Amino acid sequence: AQSVTQPDSHITVSEGAGLELRCNYSSSVSQFLFWYVQYPNQGPQLLLKYFSGPILVKGIKGFEAELKKSETTFHLRKPSAHWSDSAEYFCQIEHNS
């Protein structure tokens, strides 16, 4: 079984402030992990993805996420956010078959 627990989805940011969105996953198999953003009146847009390799993933627009396998977390971060980053964010897991 695979699942993600995302305590926060919508976020309103302050200009220049850092942001973090948490994602906890549960899986007994290897996985792909994704973060998406959805701005008002737009479809979801892929921010970043983890397949393998380095655990710190750099995405578009200055976003990054760090995979911590021991803690089964994949938190999304942006050191210096902009008001335009206020949106809905989604963490997703997929089975690596």
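Phe34 is buried, with a relative accessible area of 7%, where buried denotes under 20% relative accessible area, exposed over 50%, and partly exposed the range in between (1.4 Å probe, protein chains only). The structure is a predicted model, in which local features need pLDDT of at least 70 and side-chain atom pairs count only at pLDDT 80 or more, while totals for chains, interfaces and linings use all residues. Residues are numbered from 1 along each chain as its sequence is written, and side-chain values use heavy atoms, with hydrogens and water left out.

A pair of aromatic rings is described by the distance of the centres and the angle of the planes. Rings of Phe, Tyr and Trp (its six-membered ring) are taken to pair if their centres lie within 6.5 Å; planes under 30 degrees apart count as stacked, over 60 as edge-to-face, and the rest as tilted. Four aromatic pairs are present in the structure. The pair of Phe34 and Tyr36 is stacked, because the ring centres are 6.2 Å apart and the planes lie at 25°. Phe34 also forms an edge-to-face pair with Phe51, with 6.1 Å from centre to centre and 80° between the planes. This second pair links distant parts of the chain, 17 residues apart: Phe34 belongs to strand S5 (residues 31–38), whereas Phe51 lies in the loop between strand S6 (45–50) and strand S7 (56–58). Phe51 is partly exposed, at a relative accessible area of 41%. Through ring pairs, Phe32, Phe34, Tyr36 and Phe51 are linked into a cluster.

The secondary structure of the chain consists of zero helices and ten strands. Here helices (H or I, at least four residues) and strands (E, at least two) are DSSP runs, numbered from the N terminus.

Backbone angles were also examined. Most residues other than glycine have a negative phi. Asn41, although not a glycine, has a positive phi of about 65°. Asn41 is located in the loop between S5 and S6 and is exposed, at 85% relative accessibility. Thr72 likewise has a positive phi, near 45°; Thr72 occurs in the loop between strand S8 (64–68) and strand S9 (73–78) and is partly exposed, at 29% relative accessibility.

For the chain as a whole, buried residues make up 33% of the 97 residues. Of the contacts (heavy atoms within 4.5 Å) with a separation of 6 or more, 55% are between residues 24 or more positions apart.
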